Amino acid sequence: MLIEKLPESDENCFNIAQKCLLAGIQKTDIEIICRAAIFEEKNHRISSAINLYDRLLDFIAGQFSDKGEQPDIGTYEVLIRTIERRASLSLLHPNLKAVYRFLTLALDMAERLSDLKTQASLQLLIGQNYWMSFEYAEAFHHFNKGWEMARHIKDDVLYRRALQLQGFAHWIKGNLNQAVQSYEKSLGELDSIVEDNFSLLTSLHLALCYTQMGMPHRGIGIAHSIYVQAEKNSDWSLVAYSLATMGIILLEIRQLENSQIYFKKALMLARRESVPMAEVIAGIGLSDIACIKGHFNQAADYFKVLWEIPKSSWYHTLNNAHVFDAGYRLTKTNMSPVELGPVNNYLHQLKKEQINPVVYATIRRLQIELLEDNIPPQVKIRELLQLKKMVEKSGADLEKAKIRIALARFYILTNNWKKAEVQGRKAWEFLKPIAKDVFPDDMRQLISPEPFAKSDPLFNLVIEMGNTMGGKKDSEQLFAKIITSISRLTGAERAAIFIKDYESQELNMIASRNLIPEDIPDATFNQMIDIVRKAAESPTGEIIQCELDESLAPGFRRVISVPLILDGQSMGVLYQDGRFQLFDLDQDSLKLLSALGSQIAVLIDRVHAYLKITKLQIQLRNENRQDSDKLEQSVPFDNIIGTSKAIDDLRGLIRKVAPTPSTVLIHGETGVGKELVARAIHRISPRAEGPFIRVNCAALPETLIDSELFGHEKGAFTGAIRTKQGRFELANHGTIFLDEISELPLPTQSRLLRILQEKEYQRVGGTTTLHSDFRLLAASNKILSKEVTQGRFRADLFFRLNIFPIHIQPLRMRKEDIPLLAYHFLKLFCTQYRRLEPDIPDAEMDKMKAYAWPGNVRELANMMERAVVMGGDKIRFFAPGLLRTTSDAENSPQTMREMEKEHIRKAVAMTNGKIGGQNGASALLGMKRTTLINRMKRLGITIIKSV
């Protein structure tokens, strides 16, 4: 009644949903409850949204889990929408066991309905659930399964999400380098923000991965970028999580005052918005800082936030390494407000194979340092050395430095000052540029003021970029590589390359990290973009450095803009900014940075030149195509000529299929004009401006087929002296026509099936997966279904090709078209050979119409060309093999009876003695079966069948 009476609005929808919950949910209520939950989530009332989602999931699960019924499609869609949203919020509000039950129910239904896209999404969410439960092996299994499925589904959002989670899976296994590579690949050249919270929360966890690898500035930049976007959207739960993540990173590098500011902001917001996980992370972070400062009463008070989540979900907090520090310090001082004995026992029993090696190393290091007082230093040193090897392999350089500090401390206890000094200096060498405050004051005696020669990361960057530019041809990959390297080596939180548009001279951002295109017009970026414009217009090419006040936390943001100058002309600007680790620029560094700018300018000039060449090539290709179209008017297969019903039907099929992307299989006898039909389809298709690539499969040597179709890399085989593009690569944005496809060997058929399904392939000898946007047309003069039966053609490939079959009738079945074709070819070849156009007597035309034309239109064209070459004022028709010189014809004339007898014999021989039926001699000759038998008797022709 309420639904019918109340005006439709989101507020009314929520009120009605509340009434439905009070009255007891009915099946008719599920859509409105789902809408209300989504409304609450979009307005960032997360606790309210989760309550609605959980109640709805309980109801739907009760409907189907016990009965095992097949869900109706409406209920199924609500279930999938609800569980995907609820599971994505688990990082903020964990209820893992309940969520897992709903995920498995939804996955079972998706499998029963063969919904592959939903299956892939659910596999990713199940992996997330296992990760939160500290079950890393299962998490990795499901992430990998979801990734494999997403790769084969054409959905960009799902693919990017899966790619990020593949990086997350690498992080779970402790492969930090691979984790970062996958994440960077998911971004492409420009940084961007996706919509779903789960992907953003994944990015925040990967920000901690960057920190462990010694790039805290990159981690802070990621978290800050997500914070800015979430604040714009009033997504306060995500804002709280972003602030807490920045607090963790700053805590890791011991920027305690700034860290405390972020944690307090996150804690206040998390309590206001009821986001328990963000509250726990921020509260324990503040407890950490209080412990470090020796304020244990205050630390214990902050640590009470652990009560904000159920004890069953405590183990999820173990995915945040800073939790261990405060927990162990409070345990050591007997000041923990929470009973941690069972948790500590659980952690002591963990084996390194069970969890992330970095998390395991952190736990064990803290246990060794803080809790195991009765174990001799020598034993601790042995285990710490093993932990160092573990994290070294993982790529967690920050944790390795902390282990080195612990080693140095225990070496001092054993009076091994030499080894203590080695470990201390190596830790200092890593920490000095990024986190010098991590190094303890009481161990500074181990290091001299400058223990190692100064290593300028900027110098290394210039060298690296020179090598990169020489080794890569893809400009987009180059820009992405440059901006990533700049962010890593200069310590910039945000970095971007702006270049001037070739024609308008407007500045466009072409590559970025922690800056998205939406940031540029935003008011918060006004000062920065003014600096970029000023640098771009600088007549001297001078680098601009300045410091701007930072609104989020006390301090300033340093901005550096480098003009990209080539031959005195500004090509663009390299922009960088940061708050904590951005390098200091002395005169030598300024020169190096200018050199780097010049290298990037050379690259931009190369890109401009490439665009010019590409534009000219397209123009030339269009001109050549126009010339080619004019030339093709003089070749036999330009137009589909004929007035028969078969030709009219053929034109109708071409008009129907040409505008679509459908694969077309053209079949017919040799010479009927299969390529002519393929070209006609291409010319009136949306791809008409693209290339038409013809491949005669029968003419390709078997050893070179794969190379011709898919291309090969340099050195792939003997004679491969350079990289070669394959026909599929050349057909990008156009059409590829595979003539005589039945002649392809079976291994090539298998590879062809894959490229048809995924539009992806690899060159011979290559490892990079390439993509081509082509439309496939195929042709065969064999009946492919028979080839499949006899095992010469793959059944799955046949069904993939046979989407829109077109059969071209042989010429003998449309004899009314013969005169039109004959006069067309006569005029064509007379024009080519500059001959006067002879006449075709009616008697000769009748002969042509009576002939079976086993070679079809191609044979007719050849006959007319031969007649024009021989000359004369009239065309005479000779059946194949009967062409003689003039003297031979005069000396040994052949009677009409002999010609007819020989003609019928050849037709009977071609059909292996078969007279009647579709493929018999009577059909070949265009007469009735009984008429042919009578004529054969009259001429004395007997049938001899070949074995």
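These questions and answers concern a predicted model.

Student: What is noted about phi of Glu740?
Tutor: Phi of Glu740 is near 55°, which is positive although the residue is not glycine.

Student: How do you know which class Ser274 belongs to, by its relative accessibility?
Tutor: The value for Ser274 is 38%.

Student: What makes H15 largely enclosed?
Tutor: Of its 17 residues, 16 are buried, so the rest of the structure largely encloses H15. For each of these, buried means under 20% relative accessible area.

Student: How do you know that the span of H15 agrees with what it should be?
Tutor: At 1.5 Å a residue, the 17 residues should span 24 Å. The end C-alpha atoms of H15 are 24 Å apart, so the two values agree. After H15 comes Gly294, with a positive phi near 85°.

Student: Which residues form the patch of negative charge on the surface?
Tutor: Asp839, Asp842, Asp846 and Asp873 gather there. Asp839 is in the loop between helix H35 (818-833) and helix H36 (842-850).

Student: Why is Asp839 called partly exposed?
Tutor: Its relative accessibility is 42%. That value falls between 20% and 50%, so Asp839 counts as partly exposed.

Definitions and conventions. Residues are numbered from 1 along each chain as its sequence is written. This is a predicted model: local features need pLDDT of at least 70, side-chain atom pairs count only at pLDDT 80 or more; totals for chains, interfaces and linings use all residues. Side-chain values use heavy atoms; hydrogens and water are left out. Patches are made of residues with over 30% relative accessible area and no salt bridge: like charges are joined within 9 Å, nonpolar side chains (Val, Leu, Ile, Met, Phe, Trp, Tyr) within 5 Å. Accessible areas come from the Shrake-Rupley method with a 1.4 Å probe; for residues, only the protein chains shown count as cover. A salt bridge is a side-chain nitrogen of Lys or Arg within 4 Å of a carboxyl oxygen of Asp or Glu. Lys and Arg count as positive and Asp and Glu as negative; His and the chain ends are not counted. The place of a charge is taken as NZ of Lys, CZ of Arg, CG of Asp or CD of Glu. Helices (H or I, at least four residues) and strands (E, at least two) are DSSP runs, numbered from the N terminus. Buried means under 20% relative accessible area, exposed over 50%, partly exposed in between (1.4 Å probe, protein chains only). The expected span of a helix is 1.5 Å times one less than its number of residues.
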